[in-house]
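Here is a short briefing to read alongside the sequence and the structure. Keep the viewer open and follow the residues topic by topic.

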Amino acid sequence: MSSQHPPTKRQKRDDYRKAHKDDNIAELPKKKFYRQRAHANPFSDHQLTYPASPDLMDWASYYPAYIAPNTGPEEPNDHQETRIKQLSKDITVADIGCGFGGLLVALAPKLSDELLIGMEIRTQVTEFVQDKIKALRSQNADSGLYQNIACLRANTMKFLPNFFRKGQLSKIFLCFPDPHFKARKHKARIVSLTLNSEYAFAMKPGGIVYTITDVEDLHKWMVKHLEEHPSFERVGKEEEAEDECVKTMMVETEEGKKVERNKGDKFVACFRRLEDPPWP
């Protein structure tokens, strides 16, 4: 008689995720095996890896199809053990708090000439998106689709400038962020005067910050804080309605689909990065 116990739910989840580490697996991952809380505390000391500066970030494993040809030997600097492989183009689109990656995947063919990064603080949600991208790349090996998207575990409230140079991004998406309803938690909202300055630093003039939420109070908060920032102006409703990225954002995020099923409202606001004023 065997004394071996049947695997627990946690063991089943762990075994499933380990099996999906193979780059050649074409089966899309199942969400139920990537269990995670709805939100994470951005002020906690998470076990995170981040570069000391954008130039020290090695993106090669995230975008293998975009590794630049070797331009010659380069000695590692004091912060590097090995030479960092450069990409042939910069990342220009960031989905901050990308969740389960619905928007990333939907935008990949629409923004095929750009590199998009999803940034997510929750470990297993990040793992799900990474496994999903691997599967999609495997399914579309002949066409090369989905090579331009990747997902990274990161706390952007603390480390956004570690990943992006000044003026690097053309689009930032803030989709259905944690509303942090209690007043004492408002400091954890993803839009604030301080964080808006970091978004302004990372964005090139003319770039767009896209926001969407189903919580009207949070919508008003984001509008107020972005309108009050000198580096941003709100995009007009007509231009907003014609923007393909807005149309995609409205229907492709997992939270957006949930709101749709529950017949809830969605509040959208977009803001353009202004030119910096000339030095006196």
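Asp-276 is partly exposed, with a relative accessible area of 41%. The model you are looking at is a predicted one. The side chain of Asp-276 meets that of Arg-273 in a salt bridge, with 3.0 Å from N to O. Salt bridges with shared partners bring Lys-166, Arg-273 and Asp-276 together in one network.

- Where Asp-276 is partly exposed at 41%, Arg-273 is buried, with a relative accessible area of 5%.
- Side chains of opposite charge can pair when their charged atoms come close.
- How many salt bridges does the model hold? The count comes to 14 salt bridges, taking a side-chain nitrogen of Lys or Arg within 4 Å of a carboxyl oxygen of Asp or Glu.
- Lys-266 and Glu-260 make one of these pairs, and their closest N and O atoms are 2.6 Å apart.
- Lys-266 is buried, because its relative accessible area is 17% and the cut-off for buried is under 20%.

**A pair within helix H9**

- Lys-258 and Glu-255 form a salt bridge through their side chains, at 3.3 Å from N to O.
- Both residues of this pair, Lys-258 and Glu-255, belong to helix H9, where they sit three residues apart, about one turn of the helix.
- Lys-258 is partly exposed, with a relative accessible area of 37%.
- Glu-255 is likewise partly exposed, and its relative accessible area is 35%.

- For a contrasting case, go to Arg-153 in strand E3, which covers residues 149–153.

**Positive charge on the surface**

- Which residues gather in a patch of positive charge on the surface? They are Lys-182, Arg-184, Lys-185 and Lys-187.
- Lys-187 is in the loop between strand E4 (169–175) and helix H5 (193–202).
- With a relative accessible area of 58%, Lys-187 is exposed.

**Positive phi values**

- Phe-176 has a phi near 50°, a positive value in a residue other than glycine.
- The loop between E4 and H5 holds Phe-176.
- Is Phe-176 buried or exposed? At 10% relative accessibility, Phe-176 counts as buried.
- Lys-263 also has a positive phi, near 55°, and is a residue other than glycine.
- Look for Lys-263 in the loop between helix H9 (254–261) and strand E7 (267–273).
- Lys-263 counts as exposed, at 75% relative accessibility.

**Apart in sequence, together in space**

- Tyr-146 is placed in the loop between helix H3 (123–139) and E3.
- Tyr-146 counts as buried, at 14% relative accessibility.
- From C-alpha to C-alpha, Tyr-146 and Pro-109 are 7.3 Å apart in space, while 37 residues apart in sequence.
- Glu-228 is in the loop between helix H6 (216–227) and strand E6 (232–234).
- Glu-228 is exposed, with a relative accessible area of 51%.
- Glu-228 and Leu-193 are 35 residues apart in sequence, and their C-alpha atoms are 8.2 Å apart.
- Asn-70 belongs to the loop between helix H1 (9–19) and strand E1 (91–96).
- Asn-70 is exposed, its relative accessible area being 58%.
- The C-alpha atoms of Asn-70 and Lys-85 are 8.0 Å apart, and 15 residues separate the two in sequence.

Methods:
Residues are numbered from 1 along each chain as its sequence is written. This is a predicted model: local features need pLDDT of at least 70, side-chain atom pairs count only at pLDDT 80 or more; totals for chains, interfaces and linings use all residues. Side-chain values use heavy atoms; hydrogens and water are left out. Helices (H or I, at least four residues) and strands (E, at least two) are DSSP runs, numbered from the N terminus. Patches are made of residues with over 30% relative accessible area and no salt bridge: like charges are joined within 9 Å, nonpolar side chains (Val, Leu, Ile, Met, Phe, Trp, Tyr) within 5 Å. Accessible areas come from the Shrake-Rupley method with a 1.4 Å probe; for residues, only the protein chains shown count as cover. Lys and Arg count as positive and Asp and Glu as negative; His and the chain ends are not counted. The place of a charge is taken as NZ of Lys, CZ of Arg, CG of Asp or CD of Glu. Buried means under 20% relative accessible area, exposed over 50%, partly exposed in between (1.4 Å probe, protein chains only).
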